[in-house]
Every structure is written in C-alpha cells, then in structure tokens.
Amino acid sequence: MSDWPEAEPATDPTLAVVGAGAMGGQIAYQAALHGYAVRLISRSDDRLRSASTSCASLLRRRVEKGKLDGDTCETALARVTLSSDFGAVAGAATIIESVAEDRAIKREVYARICEHADDTAIIGTNSSTLASSLLEQSVTRSERFLNVHFFNPALLMTLVEVVPGPHTAEDTILRAMDFARAIGKTPVRLAREEYGFIANRILFIAIQEAMRLVEGGYISVEECDLAVRNALGWPMGPFELSDLVGLDVVEAILDEGFRQTGDERWEPVGMLRDLVARGRLGNKSGGGFTTATA
Ligand code: 3HC
C-alpha cells in the first residue's frame with residue numbers, strides 16, 4: 001500500500017498487531033498509549049483507516065473530557081504505523097494476531113508472519129475459540145506461541161488471559177504476562193488450555209441461560225438485563241452485551257464450544273440462531289436484542 005508512511009526504526013518497545021478489526025485496532029492503540037511503537041497490519045485499507053479513525057476519536061474524546069493529556073494522546077496516535085505489508089512484523093518483540101476466528105485464515109496469516117518475524121519474537125493469538133495447540137503446527141517456533149486473549153472494548157477492559165499450550169516455553173508465558181502489564185492490563189495465567197478459557201466460559205454459558213429464560217417466556221429481554229445489572233452488578237445486561245460483542249460472534253463462540261466439548265450448554269438457542277439468520281448481528285449491523293433494526 002502506497003499511502004501509509006514507512007515504518008520508522010523502533011526506539012521504543014515494539015509491537016506488531018496483525019488484524020485491524022474491533023479488537024486489533026484497540027489493542028494497538030492501547031499499547032501506543034503505554035509507549036510502544038506499534039505496527040498495525042491488515043490486508044484491508046478500509047479496516048486500517050476505520051481502526052485509526054475510531055481509536056483517534058475515542059482517545060481525543062478522553063482529552064476533551066480532561067481524562068488524557070493532549071500531548072500524550074497525539075504522541076500515542078503518532079506511534080501507530082499502519083501497514084498492509086507483513087514485512088512490518090520484522091523487529092517486533094511481541095506480535096499479536098487478531099484476525100478472523102477461522103483456522104484456514106489464521107494458518108495463512110502465521111505462514112506470512114513467520115516469514116518475517118524475528119526469531120526471538122513471541123506470537124500471541126487473541127483467539128477466544130481456538131487454543132494455540134490447535135494452530136501451533138503453522139508457527140515456526142511454537143515454543144514462542146500462546147493465547148493472549150483481550151476483551152472488548154480492548155481500550156477499556158483490563159483483563160488479559162494468558163493461556164499456554166503444551167508447546168509454549170515458560171519464558172514466553174512470562175514475557176506475555178509482562179507485556180500485558182506493560183500496556184496497562186491485568187493478566188491472569190491459566191495452567192492449561194480449556195474451551196472459553198475463564199471469562200468466556202462463565203459469560204457465554206450465562207448469556208445462554210438468559211436467552212433460555214426469555215425464550216421460555218419467563219421475562220422480557222429488557223427486564224432480564226435490568227435484573228442482571230441490578231442483582232449481579234454487571235455493567236451491561238447479557239442482551240446488551242451480546243449486541244456489543246456481535247450476535248454472529250456470540251453464535252460462533254457457542255457453536256465452536258459445542259463442537260469442541262460436546263457439552264450441550266454451549267449449543268446456541270433458537271432465538272439467537274434466528275436473529276443471526278435474519279442478519280440482525282447486534283450494534284454493528286441490523287440491530288439486535290436491544291438495538292432497533294437498522
Ligand atoms: N469501545 C471503546 N470505548 C467505548 C466503547 C467501545 N465499544 N463503548 C464505550 N466506550 C467508552 C466511552 O467512550 C467512554 O469513554 P470516555 O469516558 O473516555 O468518554 C467510556 O467507555 C464510558 O462509556 P459510557 O459511560 O457510555 O458507558 P459505560 O460506563 O457503560 O462503559 C463499558 C462502557 C466499559 C463498555 C461498560 O459498559 C462495560 O464494561 N461493559 C461490559 C463489557 C464486557 O463485558 N466486555 C466483555 C465482552 S466478552 C469479550 O470481549 C470476549 C471476546 O472473546 C468476545
């Protein structure tokens with residue numbers, strides 16, 4: 001791509017984020033806020049532009065509200081270099097992959113990352129449904145590969161789950177924990193892989209229970225959200241949260257959970273399937289449980 005500036009040689013700790021969707025973009029800017037020189041890489045110019053525009057506006061709004069110093073904000077924005085060239089991963093100590101939850105796409109992306117990555121770089125996949133042991137054969141140095149799982153919206157949610165596979169070296173785990181802390185997150189280290197890791201395993205089973213209650217006619221969507229917010233202290237009810245995450249994403253996480261574990265608690269309920277089939281994907285498109293149809 002010709003219209004992005006060339007990456008400058010890094011003087012700060014260097015991160016490459018591959019994938020500029022809702023998660024990848026915010027992870028990149030979060031690290032930039034904490035002093036990292038970041039290369040944000042995507043095959044799609046539109047995704048790169050949209051990630052940089054939306055993160056710039058979120059951070060400038062923080063400045064307007066007096067929550068962030070203007071110079072710090074502009075310095076952080078300038079630390080992110082956009083690129084469609086996988087060569088931009090060269091020189092990065094940490095590489096976070098945050099592309100679509102599709103094994104074939106991820107494998108192709110790892111082949112391209114590994115062509116250019118430094119031998120010492122660690123590669124963290126932000127996948128929520130694919131443990132690194134399902135993908136490690138596509139990575140040249142699998143001892144430097146693991147799951148580093150962020151939450152949406154990544155500029156705000158502080159948890160990062162660090163999940164090693166049997167192939168992951170101890171030093172890689174420690175570096176991933178240090179990286180998460182260095183960009184202002186709170187990492188937790190899992191002892192071993194488990195579908196859904198910690199937070200999603202609890203969250204998505206709970207979301208399914210909420211849907212079953214509504215499907216069973218026990219309560220409305222709005223009142224169920226009200227109940228969960230007030231009784232359990234969730235900042236968003238299960239339906240609002242599903243609309244934020246994307247109903248197609250919720251369905252895919254549940255489907256994959258059922259496929260991988262055979263546990264029926266993961267099998268998506270009918271009302272979710274129906275909404276997704278009708279193109280109602282939540283806030284991002286078509287409306288969802290709590291947002292009007294577009
Ligand atoms: N992206 C970035 N920033 C956002 C945002 C978004 N999608 N939505 C809101 N914000 C920002 C606002 O701009 C505002 O920032 P400011 O104070 O600097 O202006 C700040 O968040 C507060 O916004 P609001 O006052 O409008 O809303 P809340 O106080 O309700 O906070 C929230 C918003 C942090 C998103 C809060 O509602 C929340 O914590 N929700 C739960 C999110 C959650 O559970 N996420 C996990 C999802 S599961 C997941 O990610 C796993 C994956 O594998 C699918």
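Modeller: Quick note first: Ala, Val, Leu, Ile, Met, Phe, Trp, Tyr, Cys and Pro count as nonpolar, Asp, Glu, Lys and Arg as charged, and the others, Gly among them, as polar. This is a predicted model, where local features need pLDDT of at least 70, side-chain atom pairs count only at pLDDT 80 or more, and totals for chains, interfaces and linings use all residues. Residues are numbered from 1 along each chain as its sequence is written, and side-chain values use heavy atoms, with hydrogens and water left out.

Biologist: Thanks! Which residues come nearest the ligand?

Modeller: Arg 61, Lys 65, Lys 67, His 149 and Asn 152, out of 21 residues around the ligand. To be near, a residue needs a heavy atom within 4 Å.

Biologist: And how does that shell divide by class?

Modeller: There are 12 nonpolar residues, five polar and four charged.

Biologist: What about N or O atoms in side chains, say Arg 61?

Modeller: An N or O atom in the Arg 61 side chain is 2.8 Å from a ligand oxygen. Pairs of N or O atoms within 3.5 Å are polar contacts.

Biologist: How much of the ligand's accessible area does the protein cover?

Modeller: 69% of the 1,000 Å² that the ligand has on its own, by the Shrake-Rupley method with a 1.4 Å probe.

Biologist: Which elements give two or more residues to the shell?

Modeller: Helix 2 (45–64), helix 6 (199–215) and helix 8 (238–245); helices are DSSP runs (H or I, at least four residues), and strands are runs of E, at least two. Domain 1 (14–189) and domain 2 (199–283) each supply at least three shell residues, with bounds from an automatic or database assignment.

Biologist: Changing topic: how many cavities of 30 Å³ or more are there?

Modeller: One in the whole structure. The volume of the largest cavity is about 100 Å³. On a 1 Å grid, a cavity is where a 1.4 Å probe fits but cannot get out, and lining residues have an atom within 4 Å of a point.

Biologist: What lines the largest cavity?

Modeller: Among them are Cys 114, Asp 118, Asp 119, Arg 141, Arg 144 and Phe 145. By class, the lining has six nonpolar, one polar and four charged residues.

Biologist: Which residues does the cis peptide bond join?

Modeller: Asn 152 and Pro 153, with omega about 0°. Pro 153 sits in the loop between strand 6 (145–149) and strand 7 (159–163).

Biologist: And what is the phi of Phe 197?

Modeller: Positive, about 55°, though Phe 197 is not a glycine. Phe 197 lies in the loop between strand 8 (186–189) and helix 6.

Technical notes:
Polar contact = N/O pair within 3.5 Å; in protein donor to acceptor, adjacent residues only side chain to side chain. 1 Å grid on protein atoms, 1.4 Å probe; cavity = no way out; pocket = protein on both sides within 12 Å on 5 of 7 lines; lining within 4 Å. Points joined across faces, edges and corners; volume = space filled by probe spheres on them.
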